[in-house]
Amino acid sequence: MKIGNDLFKRAQKLIPGGVNSPVRAFKSVGGNPVYIKRGEGAFIYDVDGGEYMDFCASWGPLILGHARPEVVEAVKESASSGMSFGTCNPREVEMAELLNEMVPYLEMMRMVNSGTEAVMTALRLARGFTGRNKILKFEGCYHGHADYLLVAAGSGLLTGGITSSAGVAPSAVADILVAHYNDTAAVKKIFEKYGKEIAAVIVEPVAGNMGLVKPEPGFLETLREFTSDSGAILIFDEVITGFRLAATTYGKICGITPDLTTLGKIIGGGMPIGAVGGKAEIMKKLAPLGPVYQAGTLSGNPVALAAGIATLNILKKENPYPRLAKFAKKITDAVEAEAKEKSFEIHCATEGGMFTIFFTDKKPLRNLDEIKACDTAKFANFFRAMLKNGIYLSPSQFELDFISSAHTEKDIDLFIESFRKSLSR
Ligand code: KE4
């Protein structure tokens with residue numbers, strides 16, 4: 001780890017915490033972060049010659065594995081014709097038509113450069129469309145780092161043991177309402193009290209930013225019913241789940257149509273990207289058509305779209321999802337069997353090709369309070385043991401692990417073997 005450690009020392013002099021995103025800092029798992037210089041298929045390689053089987057997938061985008069040739073080719077071909085024009089470009093039309101074909105309820109959409117920007121745009125649209133201000137979000141969900149969303153947020157905040165950030169003016173969060181995930185009773189009370197003042201409800205339809213927490217039967221349906229009755233906008237934040245569980249959105253899978261959807265990660269194939277889409281009557285409020293302003297120098301960047309379009313077309317053609325789910329199930333079964341056999345307090349939640357190994361005996365985990373009971377010290381030891389065994393997990397108990405289409409059956413067996421070894425250590 002010598003070269004990596006030297007790099008980290010240098011980085012810390014110029015970059016806060018040495019990282020460009022807090023959750024990469026290994027703060028909650030201990031040790032110095034790895035410095036990855038190359039990825040190929042299911043594997044990533046650090047600057048000191050270390051090789052790891054990757055289950056973090058850059059926090060979700062790399063569903064096809066690293067350096068998938070067709071995606072790299074698409075980027076090379078696009079970049080060789082120019083990086084960015086600040087004009088309309090044909091790939092914007094191709095991406096919009098592809099997303100609309102794969103998710104028909106995205107009647108219109110706009111490309112941006114991150115999930116945060118997609119959520120900011122969706123919430124400003126909801127407020128502009130309804131003329132209302134209040135927003136309901138859920139404890140432990142993370143929707144990017146816009147001021148007013150850093151309340152009871154998951155992901156890096158939770159990992160860092162905080163759930164709201166300094167530097168956020170009280171006025172910015174005055175209109176943010178918070179309830180526990182899966183708490184339909186609380187949602188009912190909030191709508192009884194604030195109904196006509198609520199501009200939007202935003203939710204991760206399958207929560208990933210407190211580790212994997214599934215919606216209980218009726219939870220999402222309740223959100224759809226109450227928002228429809230009160231004229232509030234229902235936003236599914238599918239930055240993680242979009243194209244992760246099928247070649248479409250979770251909204252399509254579960255049969256609940258949100259008014260707006262935010263996307264990111266997979267639709268960029270590893271390049272910076274985000275998108276907001278949904279009902280045309282809402283989307284038409286966006287400038288230059290309507291009064292809700294939003295903009296971006298590199299929005300619809302042709303090189304990023306080339307990577308995303310190539311990725312989505314491969315997902316459409318290859319449909320890797322049943323295999324991803326099968327492999328995740330194999331891991332879950334092994335974890336549960338080990339827990340039972342050795343009475344370990346450990347539990348693996350899974351949805352499609354996503355999973356989280358929780359260090360707790362509680363299952364299923366329904367909300368942030370239950371998640372907080374997890375033994376993060378045990379998780380940290382487990383993470384480091386797996387790293388020693390050449391397995392790179394997402395470096396936080398409050399995140400997801402992902403299986404890519406590049407992982408083979410043999411890789412999954414190796415994961416399970418390493419899991420057993422790491423647990424016994
Ligand atoms: P970005 O601005 O990081 O592209 O997207 C924000 C975002 C929005 N919505 C959901 C559901 C998200 O999960 C995210 C970002 N995800 C985290 C990891 N779970 C990003 C990792 C990081 O912050 O480095």
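Which element supplies the largest share of the lining of the second largest pocket? Strand β4 does, with 3 residues. The views below come from a predicted model.

**View 1. Lining of the second largest pocket.** The volume of this pocket is about 450 Å³. Its lining counts 23 residues. E92, R110, M111, S299 and G300 are the ones nearest the pocket centre. Helix α3 (90-102) and strand β4 (108-112) each contribute at least two lining residues. Sorted by class, the lining holds 11 nonpolar, 10 polar and 2 charged residues.

**View 2. The largest cavity and the residues around it.** A search of the whole structure turns up 1 cavity of 30 Å³ or more. The largest cavity has a volume of about 40 Å³. Its lining is made by G41, A42, D54, A57, L62, G65, H66, S404 and H407. By class, 5 of these lining residues are polar, 3 are nonpolar and 1 is charged.

**View 3. The aromatic pair F359 and F379.** The whole structure contains 15 aromatic pairs. In the pair shown, the ring centres of F359 and F379 are 6.2 Å apart. Their planes meet at 75°, so the pair is edge-to-face; the cut-off for that label is over 60 degrees. F359 sits in the loop between β12 (354-358) and α13 (368-371). F379 belongs to helix α14 (residues 376-388). The pair therefore ties together parts that are 20 residues apart in sequence.

**View 4. A cluster of rings.** Which residues do ring pairs link here? The cluster consists of F26, Y52, F383 and Y392.

**View 5. Arginines over tyrosine faces.** R38 lies over the face of Y45, and its distance from the ring centre is 4.2 Å. R127 takes up a place over the face of Y148. For R127, the distance from the ring centre is 5.6 Å.

View 6. How many disulfides does the structure hold? The count is 0. C141 is buried, with a relative accessible area of 0%. The cut-off for a disulfide is a sulfur pair within 2.5 Å.

**View 7. V201 in strand β7.** The strand spans residues 198-203. V201 has a relative accessible area of 0%, so this residue is buried. How far from V201 is the C-alpha atom of M102? The two C-alpha atoms are separated by 24 Å. Along the chain, V201 and M102 are 99 residues apart.

Key. Residues numbered from 1 in each chain as written. Predicted model: local features only at pLDDT ≥ 70, side-chain atom pairs only at ≥ 80, totals over all residues. Heavy atoms only, no water. Phe/Tyr/Trp six-rings, centres within 6.5 Å; stacked < 30°, edge-to-face > 60°. Helix = DSSP H or I, 4+ residues; strand = E, 2+ residues; numbered from the N terminus. Lys NZ or Arg CZ within 6 Å of the ring centre and 35° of its normal. 1 Å grid on protein atoms, 1.4 Å probe; cavity = no way out; pocket = protein on both sides within 12 Å on 5 of 7 lines; lining within 4 Å. Points joined across faces, edges and corners; volume = space filled by probe spheres on them. Nonpolar A, V, L, I, M, F, W, Y, C, P; charged D, E, K, R; others polar. Buried < 20%, exposed > 50% of the residue type's maximum accessible area, 1.4 Å probe, protein only.
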